[in-house]
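User: I am new to this structure and would like a close look at a single part of it. Please take me through the place where the two chains meet, and then through what lies around it.

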Amino acid sequence: MRKIMATMLAGILALSMVACGGSSSSSAAASEPAASTPASSAAETSSSEATGTELSGSVSTNGSTSMENVIGILSEQFMADNAGVTVTYDPTGSGTGIDAALNGTTDIGLSSRALTDEETANGLVGTNVALDGIAIIVNAENPITDLSLEQIASIYTGEVADWSEVGGNAGAIATIGREAGSGTRDGFESITGTEDACVLSQELTSTGAVIEAVRSNPAAIGYASLSSVEGQEGIVALTVGGVACSEETVLDGTYAIQRPFVLVTKEGQELSPAAQAFYDYALSADAADLIREAGAVPVA
Amino acid sequence: MAGMTEASALAGAFPQSKKHKGKAVKWIDRTMDLIFLLCGIVAIAFVLVISIYLLVSGIPAIREIGLIDFLFGERWAPTASQDPAYGILPFLLTSIYGTAGAIVLGVPLGLMTAIFLAKIAPPKVAKVTRTAVSLLAGIPSVVYGLVGMIVLVPAIRDLFGLASGACLLAAILVLTVMILPSIVNVSETSLRAVPKEYEEASLALGATEIETIFKVTVPAAKSGIATAIVLGVGRAIGEAMAIIMVSGNVANMPSLLTSVRFLTTAIASEMSYAAVGSLQRQALYSIALVLFLFIMMINVVLNVIVKSKKEK
């Protein structure tokens with residue numbers, strides 16, 4: 001234990017020596033971020049030196065776990081088009097991703113909520129890359145066609161346990177949700193305000209399983225991303241507060257159960273050419289089909 | 001005459017070739033021995049590597065959560081933003097209840113089938129039944145799950161008037177069918193291995209056929225039947241795919257008609273989205289470790305029982 005501590009201390013000291021050019025008296029803790037900043041800016045300059053038609057270097061993205069599919073499919077295509085570039089993705093959560101963009105520890109922060117006023121005041125810029133619409137689905141035999149956001153929330157928290165309470169046929173409601181860690185669950189629960197309060201009858205591990213469970217159970221209600229629900233037989237996507245769930249209503253903002261996927265960058269801080277190229281690519285019309293394939297609604 | 005020369009030619013050629021081959025044969029033998037040894041070592045290495053990996057990756061989370069809170073905590077909410085909880089008692093109990101339920105239903109059913117096949121059925125009927133049972137063993141577990149999901153779950157929902165039929169009962173029924181083949185096959189073999197004299201003696205003393213089966217044949221085949229149960233337990237407790245589709249997967253404390261989550265399905269359902277390095281992911285490894293130790297324990301206990309019965 002003592003040995004490890006000693007080695008670490010020595011390491012930190014050495015690091016601070018290098019960073020401060022041997023100037024003493026600065027505390028090790030304070031010098032550590034100082035030591036990392038020049039290093040990362042050095043990396044940026046070295047990648048910008050390599051400009052030309054061939055892009056190279058690495059692009060780091062960090063943040064929302066819900067954006068895994070979208071970022072995954074975009075980076076895969078981007079890396080296939082630009083052989084010299086690696087795009088990394090750290091699924092840490094929107095909060096961490098925004099912090100990382102603010103600290104400059106990542107090239108592009110990922111957030112699955114809009115930035116707060118405070119965050120934009122700190123110099124962060126959020127650009128929507130896609131919108132995530134979550135459809136509420138019931139069995140085709142269910143006469144219900146519309147629920148309000150409040151009704152959906154109270155069904156999922158167990159306050160409303162019978163379909164007759166929301167205007168349907170009498171019968172217990174089977175609430176079907178997704179497993180902990182799923183982006184769709186995170187999105188649904190944060191928009192309906194039911195975080196960690198959902199009482200579920202079934203917790204399934206894929207969109208397909210949710211749709212199948214709703215299809216086979218007349219008493220079921222479930223949620224799934226918009227793109228996967230379209231064209232499915234045996235299930236009906238409800239209108240929420242009178243608005244049908246479609247790409248148009250998600251885009252114009254009238255459909256309530258949706259959230260933005262945001263690329264977060266810092267104002268005034270220039271991205272490396274590779275990062276800039278990836279950023280532009282994600283927002284381009286070329287990426288729209290891929291984003292749709294990943295289950296989200298492209299804005300471009 | 002011609003035959004004679006041929007034979008003598010062979011006799012002449014053989015010792016020579018044997019002399020030549022002698023070294024080669026020895027060499028081949030040694031190499032094969034080495035290859036067999038290596039294969040044995042590979043098997044041991046796999047067990048060791050898996051055990052060590054599970055221990056190394058499973059222990060940190062248990063230490064962080066606390067063994068008591070981990071094993072006996074009733075709440076599992078690893079991604080809750082406030083007050084996350086990592087109690088796996090619901091999974092543990094579900095796995096125990098589910099396996100016990102499958103054994104309670106499956107063993108009598110399987111044993112009766114085995115008795116029927118070994119002692120009662122006419123050969124032709126036995127052949128058809130045996131083929132059906134071995135076909136049952138060849139069905140992939142995902143197919144059991146699918147049939148359970150489409151047929152069994154809605155049936156349970158209608159029968160009990162539930163909102164959702166995905167529950168412990170559905171999982172038990174699926175597991176029961178899944179463990180039947182191993183129970184039937186192993187019990188049948190052990191029933192057949194009972195010496196004819198025992199049964200003939202019993203029948204000669206005036207016992208009926210059924211009396212003979214239950215009082216002579218089955219007790220004599222006891223250790224084989226116990227082995228069948230061990231196999232059944234092993235299959236039931238380790239199954240994930242079939243029951244993830246019918247059990248509903250909510251981390252409730254188990255009861256027959258509620259949605260439940262097993263140790264296996266807890267790992268399977270959350271692993272894909274658990275962030276690397278998070279306590280949730282580490283806790284899933286810890287569940288795997290618990291499951292591993294659990295299966296080891298059951299095997300050891302049942303083996304001891306089987307052995308002590310054999311010695312008597």
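Analyst: The contact draws 22 residues from chain A and 21 residues from chain B, where two residues are in contact if their C-beta atoms, placed from the backbone, lie within 7 Å. This is a predicted model, in which local features need pLDDT of at least 70 and side-chain atom pairs count only at pLDDT 80 or more, while totals for chains, interfaces and linings use all residues. Residues are numbered from 1 along each chain as its sequence is written, and chains are lettered from A and ligands numbered from 1 in the order in which they are written.

On the side of chain B that touches chain A, the elements giving two or more residues are helix 5 (141-160) and helix 11 (263-271) of chain B; helices here are DSSP runs of H or I with at least four residues, strands are runs of E with at least two, and both are numbered from the N terminus. Helix 5 of chain B gives the most to this side, with three residues. By kind, the residues on this side of chain B divide into eleven nonpolar, eight polar and two charged, with Ala, Val, Leu, Ile, Met, Phe, Trp, Tyr, Cys and Pro counted as nonpolar, Asp, Glu, Lys and Arg as charged, and the others, Gly among them, as polar.

The largest nonpolar core has 144 residues, and Ala135(A), Ile136(A), Ile137(A), Ala170(B), Val174(B), Val246(B) and Ile287(B) are those that touch the most other members. Such a core is a set of buried Ala, Val, Leu, Ile, Met, Phe, Trp, Tyr and Cys residues joined through C-beta atoms within 7 Å, and a residue is buried if 20 or more other C-beta atoms lie within 10 Å of its own, exposed if 12 or fewer, and partly exposed in between. Helix 6 (residues 168-192) of chain B supplies the largest share of this core, 14 residues. Leaving aside neighbours within four places in sequence, Ile137(A) is in contact with residues including Ile211(A), Val214(A), Tyr223(A) and Ile235(A).

Leu226(A), which is found in helix 9 (residues 226-229) of chain A, is buried, with 24 other C-beta atoms within 10 Å. Not counting residues up to four places away in sequence, Leu226(A) touches Gly133(A), Ile134(A), Ala135(A), Cys245(A), Val250(A) and Val297(A).

As for chain B as a whole, its secondary structure comes to twelve helices and two strands, and 36% of its 312 residues count as buried.
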